[in-house]
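Hello,

Here is the structure I promised to pass on to you. Have a look at it first, and then read my notes below.

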Amino acid sequence: MATLPTGFVNEVLPPSLDSTSSPPNLFDGTTRLYVSYICPFAQRTWIARNYKGLHDKIKLVAIDLQNRPSWYKEKVYPENKVPSLEHNNAVKGESLDLIKYIDEHFEGPALLPDDPAKQQFAEELLSYTDTFNQTSYKAFTSNGDVEKEIGPAYDKIEDALSKFDDGPFFLGQFSLVDIAYAPFIERFQTFFTEVKNYDISKGRPKLDLWIKVCSRSYLHICQF
């Protein structure tokens, strides 16, 4: 079975900053990744940063989303959400944009292959993430047939994982696509199993393998 390679670093995670916390020395040349440890969107960027071994290049700043410091919206990111990246005296946001940015602008293992066909497929799958997540979240509160509501979305994931045969990941090797889906599918699997008594991996062997070698591994990458 393939495993997910990681340059594991035993990092001491900073405490989350709240409304009583002072800001860091903003725009002083330090690259900062603003996250919430429990937010799946922020976890995407955290995984990318850690997988590429950028612990010393990109400083983590954790934000308490339940009690946000006012300076975060006023001085850092007006949208007042995470993740955001402070780099080269500018702040960027949106998790899918940021994982691409981190991959393109920082050293470390590449998170997109050179194969044009795989790059095109990656864009298709990244564009599908919002629809996939919305379908799954909608089923959280629905009283309908779970298989009818989310089955087609997970069948699409199963088909996507069957496209390339040079590894268990979406593009064969671990990539931005796996990072985009992992924090969400990990949550969805737990919820649908425990609350809806529905196993998203049943009858979907590719997804079952992917979960084993990828989705759970992000816990290791980010020390959850």
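**What I found**

UniProt, in an unreviewed entry, lists residues 29-110 as "domain: GST N-terminal"; its positions are given in the numbering used here, feature names are shortened, and annotations may be inferred rather than shown by experiment. The model is predicted, with local features needing pLDDT of at least 70 and side-chain atom pairs counting only at pLDDT 80 or more, while totals for chains, interfaces and linings use all residues. Residues are numbered from 1 along each chain as its sequence is written, and side-chain values use heavy atoms, leaving out hydrogens and water.

The span 29-110 is 37% helix and 20% strand, and its end C-alpha atoms lie 24 Å apart. Helices (H or I, at least four residues) and strands (E, at least two) are DSSP runs numbered from the N terminus.

Next, the pocket. The largest pocket has a volume of about 180 Å³, taken as the space filled by probe spheres set on grid points joined across faces, edges and corners. A pocket here is an open set of points, on a 1 Å grid over the protein atoms alone where a 1.4 Å probe fits, with protein on both sides within 12 Å along at least five of seven lines; lining residues have an atom within 4 Å of a point. Among the lining residues are F41, R44, V82, P83 and D130. Helix α3 (95-105) gives the largest share, three residues.

P83 sits in the loop between α2 (70-76) and β3 (84-87). The peptide bond leading from V82 to P83 is cis, with omega near 5°. F27, in the segment before β1 (32-35), has a positive phi near 55° although this residue is not glycine. Why point these out? Because most residues other than glycine have a negative phi, and most peptide bonds are trans.

Finally, which residues of α5 meet α6? V146, I150, Y154 and I157 in α5 meet Y181, F188 and F192 in α6, where contact means heavy atoms within 4.5 Å.

Enjoy exploring!
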